[in-house]
Amino acid sequence: MAANKKIKAIQTELAQWENQQLANTLYHILAQQHFAGKLSATNVSSLCKEFKLTPNQLALQLLPIAACYATTPISSFNVGAVVQGLSGAFYFGANQEFCGVAMQQTIHAEQSAISHAWMNNEAAISSVTVNYTPCGHCRQFMNELNSAEQLYIHLPHAQNNRLHQYLPDAFGPKDLDIRECLFDPHNNQLQIDCEDPLPQRALLAANRSHAPYSHAYCGVALLLADETVIAGRYAENAAFNPSLPALQVALNHLRLSGYQDQDIMQVAMVEYPTEMQQKEMAEQLLNKINRKLTLQYFAAHKSEK
């Protein structure tokens, strides 16, 4: 039902576009990839060439489509975002809300798009395009990126501004002598005493997670009804509160990949035990999504190599 609602929202939005040829071409691309919310670098280049658009102009045009991926049962306020990866690909993002849990579990649209690009293994992002001015929470989240110094923020009313024009005198990783930023390659050298495929995928995500402040590395893997596995990695922030838990990253990736929460059959989490822990919060959220889901939890240890 949720998937059909999203498709209908996309159809409704595209029907209002002045350029129906562009609308039809975009719909065909999205339908071919089962409405996964992204465009390959080839698709971006082709659309820009065919319709005489710059990548920035195309991203601005796509914002209402990205907003169709929002899940907002609490606010009913949809925010859309599009980030461009270093590869040239576009990744959609939208705010994701969850009923029955604390508001802190919400995913902001900018976080959604950025983590979407991260989980698609982009090395960095060059720009964030969003339909509303980023809040302070998201500005701080973006300051964790390895491209923060060069990152462009594009808004419908203001383009080509750098992140630090919105976040002057910023506090970030360098203030804590951290040199490995979000999107940099990570290998946290964790192991678990289980060889099953799903926990191993969660382990891979934990080993690539970004947690330089707490070292509470964490990864999640979701097994879906069609046997697809979608993972999520913990994205920590110098200011702590804008950090994005591994389960939220996985659920966001799921929703932006054309799936819905009801497609989840099994969930595995791998976490390196420290003073911080994501297990209890993840169990609470999973219980609200589907009471039949049980978190398979694995405490990791450091590799001796």
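With which side chain does the side chain of Asp 193 make a polar contact? The partner is the side chain of His 301, at 3.3 Å; a polar contact is a pair of N or O atoms within 3.5 Å, where within protein one must be able to donate a hydrogen and the other to accept it, and residues adjacent in sequence count only if both atoms are side-chain atoms. This is a predicted model, in which local features need pLDDT of at least 70, side-chain atom pairs count only at pLDDT 80 or more, and totals for chains, interfaces and linings use all residues. Residues are numbered from 1 along each chain as its sequence is written, and side-chain values use heavy atoms, with hydrogens and water left out.

**Asp 193**
- Asp 193 is exposed, at a relative accessible area of 74% (exposed means over 50%, buried under 20%, partly exposed in between; 1.4 Å probe, protein chains only).

**Glu 110**
- UniProt lists Glu 110 under "active site" in an unreviewed entry; such annotations may be inferred rather than shown by experiment.
- Glu 110 is buried, with a relative accessible area of 5%.
- Leaving out residues up to four places away in sequence, Glu 110 touches residues including Ala 81, Tyr 132, Cys 135 and Met 142 (contact means heavy atoms within 4.5 Å).

**Leu 222**
- Beyond its neighbours within four places in sequence, Leu 222 is in contact with residues including Leu 198, Ile 230, Leu 251 and Val 267.
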